[in-house]
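Me: Could you take me closely through a single part of this model, covering where it sits and what its side chains do? I would like one connected account.

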Amino acid sequence: MTTLTTRRFDTRGALDSALEQRLAQAIAATGPRAIMLSGGHTPLPAYRALASRPPPHDEQLHILFSDERYVPRDSEASNYHQARPLLDSLALAPESLLRVRTELPLEAAAADYERGLIELLESGVRIGLGLLGLGADGHTASLFTVEDLARARGHFAIAVHRPDGMFAVSVTPRVLAQVEALLFVVAGTGKLDALRALEAQDPNLTAWSAVKDCPQIELWVHEAVPA
């Protein structure tokens with residue numbers, strides 16, 4: 001059974017600070033574990049704060065991404081590039097960082113990421129914490145439509161043609177279902193309808209359909225999104 005809880009923050013600074021602390025706890029935990037980072041602007045303050053004072057961690061920490069735009073890895077639009085200060089501060093071994101290799105052709109990049117996810121999960125690594133955003137259109141990761149969800153069946157990662165014309169590679173509900181604690185971090189305006197649909201567990205909302213098999217979901221919301 002899925003448990004969904006909502007936590008509201010009075011200020012954006014309070015949200016950023018809480019996210020920094022939550023990530024620090026996950027990084028400093030012990031044992032074979034992974035953290036799934038999300039893209040977008042919302043988690044960046046927490047990533048940057050952690051980069052300036054990285055928590056201690058052991059060699060069993062792994063990092064992966066919920067999705068990645070199909071752009072060069074040094075592009076400002078790249079989730080990997082935006083997270084680089086944090087990643088560099090953690091000084092992970094290359095095999096402990098799982099990224100979408102956008103230097104490959106799109107479908108090959110998706111297949112390569114899928115292989116990496118399968119190998120990681122089959123090795124016994126648990127995804128203890130996963131971050132996700134929520135779009136005003138109700139998408140999460142780079143899963144935008146019911147067609148994306150249909151193509152995702154049986155896969156761990158897929159290539160996606162985004163509504164904005166860009167391409168991306170996204171994890172699938174099969175991966176999200178294995179995240180022990182899934183954390184939506186939502187800030188900004190224009191997301192009220194999507195937020196309410198997610199809280200109501202609306203089966204017509206792409207984001208809910210993508211995560212409905214995850215055991216624990218938390219929704220962290222800045223007050224700029226009306227209650």
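Reply: Helix α3 is followed by A91, whose phi is positive, near 50 degrees; helices here are DSSP runs of H or I with at least four residues, strands are runs of E with at least two, and both are numbered from the N terminus. The model is predicted, so local features need pLDDT of at least 70 and side-chain atom pairs 80 or more, while totals for chains, interfaces and linings use all residues. Residues are numbered from 1 along each chain as its sequence is written, and side-chain values use heavy atoms, without hydrogens or water.

Spanning residues 79-90, the twelve residues of α3 reach 17 Å from first C-alpha to last, close to the 16 Å expected (1.5 Å times one less than the number of residues). Its buried residues (under 20% relative accessible area, 1.4 Å probe, protein chains only) are N79, Y80, Q82, A83, L86, L87 and L90. Because they cover an arc of only 150 degrees around the axis, taken from the directions to the C-beta atoms, they lie on the same side of α3. Among the elements covering them, by contact of heavy atoms within 4.5 Å, are α1, β2, α2, β3 and β4.

Y80 also takes part in an aromatic pair with F65, 6.4 Å centre to centre and edge-to-face at 75 degrees between the planes (centres within 6.5 Å, planes over 60 degrees apart). Since F65 lies in strand β3 and Y80 in α3, the pair ties together parts 15 residues apart in sequence, and both residues are buried.

Conventions:
Buried means under 20% relative accessible area, exposed over 50%, partly exposed in between (1.4 Å probe, protein chains only). Rings of Phe, Tyr and Trp (its six-membered ring) pair if their centres lie within 6.5 Å; planes under 30 degrees apart count as stacked, over 60 as edge-to-face and the rest as tilted.
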